[in-house]
Amino acid sequence: MAKPDYVLFDRDTTSIIFGNQQAAVQRMLHFGYLAGRDKPSVAAIVNPSGGRKGLMKVFYGRDEILLPMYNKLSTAVKNHPDADVVINFASFRSAYKVSVEALNYPTIKTVVIIAEGIPERQTRELIALRKKLGKWIIGPATVGGFVAGGFKVGNAGGALSNLLMSKLYRRGSVGFVSKSGGMLNEMANMISLNSDGVYEGIAIGGDKYPGSTLLEHLQRYEANPDIKMMVVLGEIGGDDEYEIVDALKDGQIKKPVIAWVTGTCAKVFPSEVQFGHAGAMARGETETADAKNTALKDAGAYVPGSYDDLDELIREVYEDLKVNGIIAEKEEEAPREVPVDYDPGTMRKSSNIISTISDDRGDELMYAGIPISDVIRDGYSVGDVISLLWFKKRLPKYVTEFLELALRITADHGPCVSGAHNAIVTAMAGKDLTASVAAGVLTIGPRFGGAIDDAAKYFKDALDRGLTPRQFVDEMKAKNINIPGIGHRIKSVHNPDMRVNLLEEWAFANLPKHKLLDFALEVERITTAKKNNLIFNVDGCVGILFVDILHSTEIYTEDEIDEIINIGTLNGIFVLGRTIGMIGHYLDQKRLHSRLYRHPWDDVLYMLPSETEALEYAETKKKR
Amino acid sequence: MAQRGIREYDAKNILAKHMKKLSKGTVKYRGKVALVTPDTSIAAVAKKKHWVKTNKLTVKPDQLFGKRGKHGLLLVNVTYDEAKDWLDEKMNSIVEVGKVKGKLTHFLVQPYVELDKEFYLAFTGYQDGDYIHFSSEGGVDIETNWDKVTTINVPIDAKIEDIDLTPILDSVSSEDKKGLKDLVTALYLFYRKLQFGFLEFNPFTYRDGEFFPIDTVARLDDTAQYLCHEKWGDIEFPAPFGRELRSEEQYIDDLDEKSGSSLKLTVLNPHGKVWTMVAGGGASVIYADTVVDLGFGDELATYGEYSGNPTTEETYDYAKTLLDLMTREKVEGGKVLLIGGGIANFTDVALTFDGIITALEEYADKIKEHDIKIYIRRGGPNYEAGLAKIREAGKILDLDMEVHGPDMHMTKVVSIALNNLDGGN
C-alpha cells in the first residue's frame with residue numbers, strides 16, 4: 001500500500017547513507033532497535049571517492065550485523081530499491097551534485113542534506129528540481145529530524161540517553177519543526193516533559209533558502225490525523241514565518257500551533273551581527289523576531305512572551321486538548337529492552353575478524369550457508385564448493401564446469417617452469433611437503449602465472465573504454481607494455497597451444513555471449529600478423545573467459561566484476577590448479593629418493609670484477 | 001556563511017573585468033574607480049590612474065553604509081585639490097551614521113558624471129528565482145518613489161535570454177530600449193554567474209552604449225567562494241561599519257575557517273557584565289534573547305557560538321579567548337559567565353568541556369580576581385561525564401560555579417544568573 005503523502009519517514013523507512021559515517025549509522029540503528037523496528041533503518045552506505053567498500057560492521061541490539069557499502073550511489077540505489085531516503089553527508093563542495101543525482105532516481109523520495117555552506121543559488125536550483133519531481137529536501141545545514149518510534153536521520157536526536165529521556169522510542173501527539181538542528185533535542189525534551197511527547201521533529205536548517213519550509217512541514221502535520229498539535233521554532237531573518245501567518249489566517253492550518261521566533265535580542269545590538277545561522281539576519285522591520293512573533297500571535301498562533309515561557313504554553317495547550325477529548329490518554333509503552341552492555345566504551349566488544357564464507361559454530365559446518373551434509377548429499381562438485389567459498393553462492397553448472405576445466409588445464413606444465421622447479425629443488429634439499437609446495441607457490445606472480453589477472457584487467461578495461469582491438473594494441477605499444485595473455489616462448493600460429501583451443505571450444509559451446517573472447521581473438525589476429533608467436537596464451541584465455549562468464553551470469557555489476565578481478569580471484573585459479581602439479585612433483589622426488597640438487601658450474605656464466613677494480617674505490621678514499 | 005556586503009569599489013572593479021564578455025561587447029564599462037585608504041593616499045592613487053587629476057571627481061566613504069549624501073559625506077563635482085583637502089579632513093575621523101559610530105577609513109573616488117537620466121536597477125533573490133527591479137526614476141528618493149519601480153521575475157532554471165524584459169522598460173524612451181535591454185541582461189548575468197545575493201545600481205545612467213553606475217550596493221554569497229574565487233579575484237568582506245573586527249574576533253574567525261566545526265564570536269560590549277559561551281547556532285540566539293528579555297541587553301558582552309563537534313583544542317582556544325577578554329576590566333559587583341547550550345546531537349560534551357576546563361584552570365586566579373560567577377547548563381552525548389568533570393574542576397579551583405543538566409529548562413540558568421547580578425532594566 002502506498003504511504004500517504006504526508007509521511008516522509010515511518011517504521012518501515014529504509015535509507016541510503018552517502019558518506020562513511022559509521023557513528024551516525026550506528027546511532028540510527030540504536031534508535032531503530034530501541035523503537036522496536038523490524039529491520040535496520042539503513043539499507044546501505046555509499047563511501048564515495050573509491051574509499052573502502054564492502055561491508056560496514058555495526059551493532060543492531062545485541063547482534064553485530066554487516067551493512068553493504070558501495071562506492072557509487074547508483075549501485076546502492078539499484079541494489080536497494082525499497083530505500084526511499086538518501087541522507088547526504090557530502091561536503092559543501094559536492095553536496096549539490098550528489099543531491100541532484102539522488103533526486104533523479106525514481107525510487108528516492110526524500111533527500112536530507114547535512115552540509116553547511118552550500119551556495120544559495122545551488123540550493124535554489126535543488127529546490128526547483130525537487131518541486132518539479134514532486135520530492136522532498138530537508139536541509140541543507142541541518143541534522144535532519146526524527147519520527148518518534150519510527151525513523152531518525154543520522155545524528156538527530158543525539159545520544160541514546162537522550163532518546164530515552166525524551167521518549168523518542170514511542171509516538172506522541174506533537175509535530176515539531178524548527179530551523180535550528182541544535183534545538184531539535186532540546187525541544188523534544190521540552191515537549192516530552194510537557195505533553196505526551198513528539199510525533200515528528202524536523203529541523204529544516206538555518207540557511208536562507210531551506211529545501212523545504214517550516215510551513216510545508218506544518219502542512220504535513222496538519223494532514224496527519226495522528227498529530228494533534230504543532231510547535232514551531234522560527235528565527236529572525238527571511239519571511240518564512242509569514243507563510244505560516246497566511247496559512248493560519250486562511251484556515252489551511254486548523255490544529256493548534258505554538259510558535260516562537262528567536263532573535264529578539266537583535267534589536268539591542270548596535271549594528272548588524274551575523275548569527276550562527278546563515279539565514280539569521282533581519283533585513284527590514286518585517287524580518288525581525290518581534291514583528292514575526294506579533295504577526296503569528298495576531299493570526300491565532302499561541303506565542304509566549306519569551307522562550308522562557310514556551311514550556312508552560314505547550315503544557316497548557318496540551319492539557320486543553322486532553323480536556324476536550326482531542327488527545328486521549330495513552331498507555332505508556334516501554335522501549336525495547338536494551339542490552340546492558342550497550343555502551344560501546346564499556347563492555348560490548350567489537351569483533352576483530354569478519355567471516356562471511358563459512359561458519360563452524362553450529363551443529364554442522366556451513367559453506368556459505370549450506371550445511372556440509374547437503375554439500376555431500378546433493379553431490380556438489382569441486383567447482384560447486386569453490387563457488388560457495390569464493391563467491392558465496394552456488395553458481396550455475398557451466399560456471400563450475402569452467403572452474404574445473406581451468407583447474408585441469410593449469411594443474412601442471414612440466415618440471416622446468418619456476419613453480420615446479422622450485423618445488424623439486426626444495427624437495428631434493430630434504431624439506432617436507434609444505435615447504436616444497438610453498439617454495440613453488442611463492443614464484444607465482446607477475447611473471448609466472450600472473451598474466452591471468454593482468455590479461456583480464458587490461459582487456460576488460462580496453463573493452464569498457466570502447467577501444468577497438470587496433471587502438472588497444474597501439475595504446476599498449478605506445479605505453480611500452482607487453483600485452484598480458486599474448487605471446488608464448490615456444491608455441492606459435494603453426495604450433496598452436498592445444499589448451500587454448502580446448503578452452504575456446506568450450507566457450508563457443510557453452511557461453512551465449514563471449515564479448516571479451518571475441519575481442520581478444522581480434523587482438524590476436526593483429527599481433528600474430530606482426531610476429532608468429534604473439535598468440536593468445538592459456539593464461540590470457542583463462543582470465544578473459546572468466547570475465548565473459550561473470551558477465552553471462554548477469555548477477556554482477558561492472559564494479560563488482562572489477563573488484564573480483566582486482567582482489568586476485570583469477571590468480572586463485574592458477575594457484576589452486578598448479579598446486580596439484582607441485583604436490584605431484586614433490587611426491588615424485590620423494591619416491592625417487594632424489595639427492596640434494598646442485599646446479600652445474602658449466603651452466604653458470606661467471607663474470608667477476610678484477611681485484612684492482614674491486615679495491616679501486618676504497619683505495620682512492622683512503623688516500624684522501 | 002551567508003550573504004556579505006562588499007565594497008562598492010570591489011563591485012565595480014569586478015564588473016569592469018566581466019562586462020565585455022557578459023554583454024557580448026554590446027555594453028562598455030570603463031570601471032574608473034579608485035580606493036583611498038589610510039595607507040594609499042589620493043596622490044599615490046593619481047600616479048597610477050591619471051584621470052584622478054584630470055577629471056572632475058565624486059568622493060564618498062566606501063564602508064558598507066548608504067545615505068551618504070544625507071550624512072554630509074558625499075563630495076560631488078570637485079577638482080583633485082578639493083577632493084584631496086576633503087579627504088585629508090575626513091580620513092580617520094569618527095562619524096555617527098544612524099545609531100552607529102565608526103571611523104572613516106575607505107573612500108571611493110570616481111569621475112563625476114553629469115546625470116541627465118537617473119535609472120534604478122536592482123537584483124534580488126527569492127526561493128524560486130530572482131527579481132529584476134527597474135525604474136526610470138532612480139536616485140536618493142527611490143523608496144518614496146517605489147510605486148514607479150517595475151519588477152519581473154526570472155525563475156531559477158530560466159535563461160535570461162528567454163525572459164521578456166519589455167514590461168520593465170516600458171517607461172524608457174524608444175532609443176534607449178535596445179541598449180538598456182542589453183545592459184540589464186548583462187548585469188543580470190553578472191549577478192547570477194558571480195553568485196551575488198543582492199546587487200543594486202542607484203542611480204545609474206546609460207549613454208551611447210556606455211554604463212555609468214553612480215552608486216552600487218552589492219552582497220556576495222560567500223559560500224560560493226570555492227566556485228568563484230577566480231572571477232571575484234582578491235575580494236575582501238569588510239566588517240559592517242562601526243564593527244571593525246577586534247583581533248580576538250579575527251582570531252576566532254580564522255579558527256572557524258580552518259575548522260570543520262563552527263566557531264563564532266562577536267564582542268558587543270567589552271564593558272558588559274554578562275558573558276556567554278553557548279553551544280549551537282539556535283541555542284546561542286535564544287540565550288542572547290533571554291538576557292535581553294530579562295533587561296540585561298546593555299550588559300550583554302558577547303554573542304557567539306561553538307557547534308558541530310569542535311575538538312578539545314578548538315574549544316580550549318575559544319574559551320581562552322573569551323576568558324582573556326572577560327578578565328581585562330574589573331566591574332563593580334562582578335560578572336557572570338554563561339556556559340550554556342541545548343541537548344547536543346553529536347557534539348561530545350565531555351570532550352568539549354575538557355577544553356573549557358583547561359582554559360578555566362589557566363584563568364582561575366583571574367576569574368576569582370574579577371569576581372566572576374559561572375553558570376553552566378548543557379546536555380547531549382557524554383553530558384554526564386562532561387558535567388561531572390567541570391563540577392569537579394570548579395571545586396578544585398575553588399570557583400563560584402553552578403552546574404546543571406538537561407533536566408533544567410535551557411534558559412532557566414539565565415534568570416538564575418541574572419537574579420544575582422546588579423543592574424539591568
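Is A:R465 buried, partly exposed or exposed? A:R465 is partly exposed, with a relative accessible area of 43%. Here buried means under 20% relative accessible area, exposed means over 50%, and partly exposed lies in between (1.4 Å probe, protein chains only).

The model is predicted: local features need pLDDT of at least 70, side-chain atom pairs count only at pLDDT 80 or more, and totals for chains, interfaces and linings use all residues. Residues are numbered from 1 along each chain as its sequence is written, chains are lettered from A and ligands numbered from 1 in the order in which they are written, and side-chain values use heavy atoms, with hydrogens and water left out.

Stay with A:R465. This residue forms a salt bridge with A:D461, at 3.1 Å from N to O. The rule asks for a side-chain nitrogen of Lys or Arg within 4 Å of a carboxyl oxygen of Asp or Glu. A:D461 is partly exposed too, at 34% relative accessibility. A:R465 also forms a salt bridge with A:E475, where the closest N and O atoms are 2.8 Å apart. A:R465 lies in the loop between α16 (451-464) and α17 (469-478) of chain A, and A:E475 sits in helix α17, so the pair ties together parts ten residues apart in sequence. Helices (H or I, at least four residues) and strands (E, at least two) are DSSP runs, numbered from the N terminus.

Now turn to chain B. B:R7 forms a salt bridge with B:E236, with 3.3 Å between the closest N and O atoms. This pair links distant parts of the chain, 229 residues apart: B:R7 is in the loop between β1 (3-6) and α1 (8-22), and B:E236 in the loop between α6 (225-232) and α7 (247-258). B:R7 is buried, at 4% relative accessible area. B:E236 is partly exposed, at 38%. Elsewhere, B:E8, B:K12, B:K60, B:R68 and B:D215 are joined into one network by salt bridges that share partners. Over all chains, the rule counts 47 salt bridges.

Next comes the interface. In chain A, 58 residues are in contact (heavy atoms within 4.5 Å) with 58 residues of chain B. The two chains bury about 4800 Å² between them, 55% of it on carbon and sulfur atoms. That buried area is the accessible area (1.4 Å probe) that two parts lose on being put together, summed over both. Four salt bridges cross between chain A and chain B. In the one between B:D130 and A:R124, the closest N and O atoms are 2.9 Å apart. On the side of chain A that touches chain B, α4 (120-133), α5 (160-165), α6 (183-194) and β13 (257-262) each supply at least two residues. The largest share, eight residues, comes from α4(A).

Finally, look at helix α1 (residues 22-34) of chain A. Its 13 residues reach 18 Å from first C-alpha to last, close to the 18 Å expected at 1.5 Å a residue. The expected span is 1.5 Å times one less than the number of residues. Ten of the 13 residues are buried, so α1(A) is largely enclosed by the rest of the structure. Among the buried ones are A:M28, A:L29, A:H30 and A:F31. After α1(A) comes A:G36, whose phi is positive, near 75 degrees.
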